[in-house]
Amino acid sequence: MDKLKQLSKQLLAEKKRAQETYLKSILSKEGKCWSDFYKYVKRRKGNRENIPAIKDGSGRIITDPTEKANSLNFYYSTTFSCEDSIPQIQGGNTINPFAIDIKTIRRRIRAIGKNKSVGPDRIPGEITKMGGEAMILYLARLLEITMNNGTLPGDWKRAAVVPIHKGGDRSLVTNYRPVSLTSVVCKQMEHAIASYLRQVWEANDWLYEGQHGFRPGYSCESQVITVCQDIADTLDNGDRMDAIIVDFSKAFDLVPHGRLLVKIANSGVDARVVEWIKQFLTGRTQRVRVGGELSDEVRVTSGVPQGSVLGPLLFLAYVNDIGRNIESNIRLFADDCVI
């Protein structure tokens, strides 16, 4: 027994030494370490799908994984809004027609990680990556078909939702935010659409200048610096400043699809892209996964999928007119708003 304890201590010491050596090797890469560092931290966190016992609306303790999944999915579905109908989007500016960019598809396929989570279609990203140049041409053809026909495969509209604890009491369903695992193949299509939207909006100078979220050259830090500069300018001028900090409740889940599509259609993008986004958003379903067990399927009637490629960009489009008819400065990072 003493020998076993001694070996156990040696094993733990060697494990700790190996972890320290590995971490030092990551941090010694001089600026190229952050992706590896965050992967290391993520692994150290363990399995995020291990959710402890939670309480339902009546306070009953739930320990069964399937019941947990259903309880969480019911809570998420209660936050959805529902418009009477989705308007018919007419016309569309064809000054900037959509064209399939093979370089974007090739670059995104190369960026697929080996441990990329698999969506409901069960197609792993590694297979897509191993397909090489042949897969790039296949994906380009698939995007062309969906763009011209205005329809998307049903698997692309399904999501497996992983609840992520955001703080507070772990037994409360309200303290878990939903992150959607969607089709890896569809995400390659989303990258192509997102690249086009950014190009058109940048050319048209369409996005609100005070928005610092999910934009190249902007960041959380740039928003903070801008706010600090606003305060400094006010102090220099001897003026008074009042600040309002706005927290949008369920911001990504409550975006109404109809109004979002109208705004995108009026932003100067190809009408085919608007229709593609419409098909991407409408008719979606989701199931929550807890401990390997899935909940019943529910319809998603509003919002942009958290965890998707297009989701953050579509949210920016929806809140883009927030500064209209307001004289005060508004500084945003996605849904974080300072007036």
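Colleague: At what angle does helix 8 run to strand 9?

Modeller: Helix 8 (residues 220-236) lies across strand 9 and strand 10, at about 165° to strand 9. Angles run from 0 to 180 degrees between N-to-C directions, and axes are lines fitted to C-alpha atoms, for helices over the stretch in contact. Helices (H or I, at least four residues) and strands (E, at least two) are DSSP runs, numbered from the N terminus. The model is predicted, so local features need pLDDT of at least 70 and side-chain atom pairs pLDDT 80 or more, while totals for chains, interfaces and linings use all residues. Residues are numbered from 1 along each chain as its sequence is written, and side-chain values use heavy atoms, without hydrogens and water.

Colleague: Why are helix 6 and helix 7 called roughly perpendicular?

Modeller: Helix 6 (residues 132-149) and helix 7 (residues 184-203) pack at about 70°, with their axes 10 Å apart. Roughly perpendicular covers 65 to 115 degrees (under 35 is roughly parallel, over 145 roughly antiparallel, the rest oblique). The two helices are therefore roughly perpendicular.

Colleague: Which residues of helix 6 and helix 7 make the contact?

Modeller: Leu139, Leu142, Leu143 and Met147 of helix 6 meet Val185, Gln188, Met189, Ala192 and Ile193 of helix 7. Contact means heavy atoms within 4.5 Å.

Colleague: What makes strand 5 and strand 9 edge strands?

Modeller: The sheet is open, with three strands in the order 5-10-9 and antiparallel pairing. Strand 5 (245-247) and strand 9 (331-333) each pair on one side only. Pairing requires at least two DSSP bridges between two strands; three join strand 9 to strand 10 (residues 336-338).
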